[in-house]
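Reader: I would like to learn how to read a model of this kind, feature by feature. Please give the general idea each time and then the case at hand.

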Amino acid sequence: MDFIEEFRSEVPLTQHYVYLNHAAISPTPLSVYLEVNKYLISVMTKGTIAVNEHEADDFYHIREKIGKLVNAKSEEISLIPNTSYGINVIAHGLDFKQGENVVTDNVEFPATVYPFLKLVKNKKIELRIAKVSPEKIEDEILSRVDKNTKLISLSHVSFSTGVKVDISRIVKEAKQVGAYVLLDIIQSAGATEVDLKKFDVDFAVAGGYKWLMSPQGSGFMYVKEGLLEDPPFYGWKSASNFLEFNPEKFDLEKGPRRFEIGTLDVASNLGLAKSCEIIYQHRDEIFGRIQYLSNYVIKIANERGLEVITPENKKAGIVVIKIKNPRKASEYLLRKKIIVSPRGEGIRISTHFYNTLEEIESAIDNIIYYLRES
Ligand SMILES: Cc1ncc(COP(=O)(O)O)c(C=O)c1O
């Protein structure tokens, strides 16, 4: 059995459903589940002995595997419970001054936008939401950037159009005005190459439960070396001397634990480290296969006369097919055991590497049946 076939056999849901919804939540594969479970069993049988063993290296065994996948140093990877938390850490960690602005766009998931509303209220910053189209998204975002821009906050891959942004172009222009770039990589990490050193972004954030196939509660934040040395929130674990348990003595931690204010979901993050390791080992095959499957979705959809919103030359794992009343259409597909999400103006098909051509054909066929019947 080759790697993809073997991996597919580790995802039991594939026996019952055509699952094309990895941009929402991925099913937990067996190897990830076993990693999570191994930890929980060790805590069940050894209590603090097991917990202390895992924490002995300050979770560097987890940071290292995540860092390798996204080309970042372990010291730049902090563990967080979800994407929204990470974005808030950055929003409140940067020293915004009245009159500065944050640029984002109108197809973002709210997680990359809402945290800045608090700064609009409290610090009187300006939040600029660029109106964008899939084809010209970079130009449209950059047209709102000026010398008062402190941060550009955007997704690498859009949850609602599937467009993959040319991030190097955004970063290049951001640097010219001295703006930071925060990249939400939850829709790209695990689906396409994410090379944070090459992208040269300042911050990146992702939950682990989508393309990284890990439990909800896992996630990570990348903060470029030298930035946010003083985090916005202090908790007992933000102290380098936390094992002294002394409320009267606080030495700020310098490493990535400075953002991890309290106890983490260790089990879920061990699952995340495991899946990062698997994806890293097979990255060329996985990313190549996801591109191949996305291309196939577009090809079959076009052949059947459906309109595809996602541009063919700027995409990762998400393809959005325009349709009237997408919610009704996805409910129809659910009745046929085909799982997709209604998003934006259409049906979002998000194929992971272990999906098959037959599954894609079945989804497109059923969209056609739905259109005929409705
Ligand atoms: C681009 C993007 N960011 C963030 C999230 C979710 O954020 P969180 O991990 O905080 O739930 C999603 C979920 O669909 C998303 O598509």
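Reader: What should I know before starting?

Author: This is a predicted model, in which local features need pLDDT of at least 70, side-chain atom pairs count only at pLDDT 80 or more, and totals for chains, interfaces and linings use all residues. Residues are numbered from 1 along each chain as its sequence is written.

Reader: Which domains does the assignment give?

Author: Domain bounds come from an automatic or database domain assignment. Here that assignment gives domain 1 (3-28 + 283-373) and domain 2 (32-280). Their C-alpha centres lie 27 Å apart.

Reader: How many residues of domain 1 are in contact with domain 2?

Author: Two residues are in contact if their C-beta atoms, placed from the backbone, lie within 7 Å. By that rule, 22 residues of domain 1 are in contact with 23 residues of domain 2. Helix 11 gives the most to the side of domain 1 that touches domain 2, with four residues. Helices (H or I, at least four residues) and strands (E, at least two) are DSSP runs, numbered from the N terminus.

Reader: Which residues does Ala-363 touch?

Author: Leaving out residues up to four places away in sequence, Ala-363 touches Val-18, Leu-20, Leu-333, Ile-338, Val-340 and Ile-349.

Reader: Which residues of helix 13 are buried?

Author: In helix 13 (residues 357-373), Ile-360, Ala-363, Ile-364, Ile-367 and Tyr-370 are buried. An arc is that of the directions from the helix axis to the C-beta atoms. Down the axis of helix 13 the buried residues fall within an arc of 115°, so they line one face of the helix. Glu-358, Arg-372 and Glu-373 are exposed on the other side of helix 13. The elements covering its buried residues include helix 11 (283-303) and strand 12 (346-350).

Reader: Which residues of helix 6 are buried?

Author: Pro-115, Phe-116 and Leu-119 are buried in helix 6 (residues 115-123). These residues cover an arc of only 90° around the axis, which puts them on the same side of helix 6. Their cover includes helix 5 (83-93) and strand 4 (126-130).

Reader: What is the phi of the residue that follows helix 6?

Author: Most residues other than glycine have a negative phi. Helix 6 is followed by Lys-124, whose phi is positive, near 60°. Asp-200 has a positive phi of about 65°, and Leu-228 has one of about 45°.

Reader: Are Asp-200 and Leu-228 buried, exposed or partly exposed, and where are they?

Author: Asp-200 is in the loop between helix 9 (196-199) and strand 7 (203-207), and with 15 C-beta neighbours inside 10 Å it counts as partly exposed. Leu-228 is in the loop between strand 8 (219-223) and helix 10, and with 21 such neighbours Leu-228 counts as buried.

How values were computed. Expected span 1.5 Å × (residues − 1). Buried ≥ 20, exposed ≤ 12 C-beta atoms within 10 Å, placed from the backbone.
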